[in-house]
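Morning, everyone. Please look at the sequence and the model on the screen, and follow along with me.

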Amino acid sequence: MKKFCCLLAMLIGGLAVSALSEDKGEWTGWLTDAKCAANGAKAAHKGCALKCVESGEAIVFVSDREDKRVYKLEGSEKVKTLVGDKVVLSGTAQNDTITVSSAKKAE
């Protein structure tokens with residue numbers, strides 16, 4: 001029983017550490033408003049995204065991958081001029097948030 005409890009504690013501890021880990025990297029996708037999120041991940045939505053962000057909606061990043069995952073942004077002031085554009089973000093991801101180091105328009 002002691003072995004089982006120790007193994008269980010190690011497993012739970014490992015899961016907790018992996019949930020807190022951060023992934024550094026680059027992500028390609030769209031910067032849009034939180035209201036439209038994945039539906040706004042296209043060039044035709046740029047005008048609407050700009051209006052929504054100016055009205056107070058948060059800027060979000062929508063992954064260009066098939067899953068169209070939506071991320072919150074830490075450091076969104078660094079990307080405000082790129083709202084509505086397809087971009088490459090550099091930074092650190094943790095759960096559903098990307099801390100932005102830099103951003104540029106995708107080619």
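Accessible areas come from the Shrake-Rupley method with a 1.4 Å probe, and for residues only the protein chains shown count as cover. The accessible surface of this protein chain is about 7,000 Å². Carbon and sulfur atoms hold 56% of that surface.

Some ground rules. This is a predicted model: local features need pLDDT of at least 70, side-chain atom pairs count only at pLDDT 80 or more, and totals for chains, interfaces and linings use all residues. Residues are numbered from 1 along each chain as its sequence is written, and side-chain values use heavy atoms, with hydrogens and water left out.

Now the layout. The chain has 2 helices and 5 strands, in the order α-β-α-β-β-β-β. Helices (H or I, at least four residues) and strands (E, at least two) are DSSP runs, numbered from the N terminus.

Next, the inside. Of the 107 residues, 34% are buried, meaning under 20% relative accessible area with a 1.4 Å probe, protein chains only. The largest nonpolar core has 16 residues. Such a core is a set of buried Ala, Val, Leu, Ile, Met, Phe, Trp, Tyr and Cys residues joined through side-chain atoms within 4.5 Å. Strand S4 (86-94) is one of the elements that give it two or more residues. S4 gives the largest share, 3 residues.

Last stop: Ser 90, also in strand S4. Is Ser 90 buried or exposed? Ser 90 is buried, at 16% relative accessible area. Its contacts (heavy atoms within 4.5 Å) include Trp 27 and Val 100.

How values were computed: Buried means under 20% relative accessible area, exposed over 50%, partly exposed in between (1.4 Å probe, protein chains only). Lists of a residue's contacts leave out its neighbours within four places in sequence.
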